[in-house]
Amino acid sequence: MAEPETFKIRRLEISDKKKGFIELLGQLTVAGSLTDEEFDRRFEEISSYGDDHVICVIEDEASGKIAATGSVMIEKKFVRSCGKVGHIEDVVVDSGFRGKQLGKTVVEFLMDHCKAMGCYKVILDCSVEKKSFYEKCGLTHKAIQMSKYFA
């Protein structure tokens, strides 16, 4: 009989590189390869932003593997009486863990953080294929995304 799955959501820890964090990001986009030193430097940089840049992970405690992740950056604005906007990015669930509501858990965790930080809205860009998933998470289609890649 298989062990029951136990998932824990928390902030990214420096030890998560060894638990498959970068490989998980590779299921979303081009993650590239990072040395431990490069990862550690970027981790420390992001950590220095405190609550303004949060990366969360869901760890499968049975396997010690990172099963899902997402991040949010808090933008401080002049509009809306110096309001704040949360930008959710890089939400991905490992292909072996999909269908367990982990993506929804990540998005809810990040949206709760934005609310606690006093944001007046949250923005999330996604592909057309993911639109219905994010609608189930409580987001609505609002605008058109534009982008320009430099590399």
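Glu-38 is partly exposed, with 35% relative accessible area; on this scale buried means under 20%, exposed over 50% and partly exposed in between, with a 1.4 Å probe and protein chains only. This is a predicted model, where local features need pLDDT of at least 70, side-chain atom pairs count only at pLDDT 80 or more, and totals for chains, interfaces and linings use all residues. Residues are numbered from 1 along each chain as its sequence is written, and side-chain values use heavy atoms, with hydrogens and water left out.

Back to Glu-38: its place is in helix α2, residues 36-47 (helices are DSSP runs of H or I with at least four residues, strands are E runs of at least two, and both are numbered from the N terminus). Together with Glu-37, Asp-40 and Glu-44, Glu-38 forms a patch of negative charge on the surface. A patch here takes residues with over 30% relative accessible area and no salt bridge, and joins like charges within 9 Å. Asp and Glu count as negative, with each charge placed at CG of Asp or CD of Glu.

Now for the salt bridges. The structure holds 12 of them, each one a side-chain nitrogen of Lys or Arg within 4 Å of a carboxyl oxygen of Asp or Glu.

| Pair | N to O distance |
|---|---|
| Lys-17 and Asp-36 | 3.0 Å |
| Lys-76 and Asp-52 | 2.9 Å |
| Lys-65 and Asp-94 | 3.6 Å |

Take the Lys-17 and Asp-36 salt bridge. Lys-17 sits in the loop between β1 (7-11) and α1 (21-25) and Asp-36 in helix α2, so the pair ties together parts 19 residues apart in sequence. Lys-17 is buried at 18% relative accessibility, while Asp-36 is partly exposed at 35%.

Then there's the salt bridge between Lys-76 and Asp-52. This pair links distant parts of the chain, with Lys-76 in strand β3 and Asp-52 in the loop between α2 and β2, 24 residues apart. Lys-76 is exposed at 56%, and Asp-52 is partly exposed at 23%.

Lys-65 and Asp-94 also meet in a salt bridge. They link distant parts of the chain too: Lys-65 is in strand β3 and Asp-94 in the loop between β4 and α4, 29 residues apart. Lys-65 is partly exposed at 36%, whereas Asp-94 is buried at 7%. Elsewhere, salt bridges with shared partners join Arg-10, Glu-13, Asp-16, Lys-19 and Glu-59 into one network.

On to the inside. The largest nonpolar core has 22 residues, and Val-72, Leu-102 and Val-106 touch the most other members. The elements β2 (53-60), β3 (65-76), β4 and α4 each supply at least two residues of this core, and α4 gives the largest share, 5 residues. A nonpolar core is a set of buried Ala, Val, Leu, Ile, Met, Phe, Trp, Tyr and Cys residues joined through side-chain atoms within 4.5 Å. In soluble globular proteins, nonpolar side chains tend to be buried together.

Helix α3 (residues 79-82) is worth a look, starting with Arg-80. Arg-80 has a positive phi near 55° without being a glycine, and it is exposed at 61%. Cys-82, also placed in helix α3, has a positive phi of about 60° although it is not a glycine. Cys-82 is exposed at 54%. Most residues other than glycine have a negative phi.

Last, Gln-101 is in the loop between β4 (84-93) and α4 (102-116). Gln-101 counts as exposed at 52%.

Methods: Patch = residues over 30% accessible without salt bridge, like charges linked within 9 Å, V, L, I, M, F, W, Y side chains within 5 Å. Areas by Shrake-Rupley, 256 points an atom, 1.4 Å probe, with all protein chains shown as cover.
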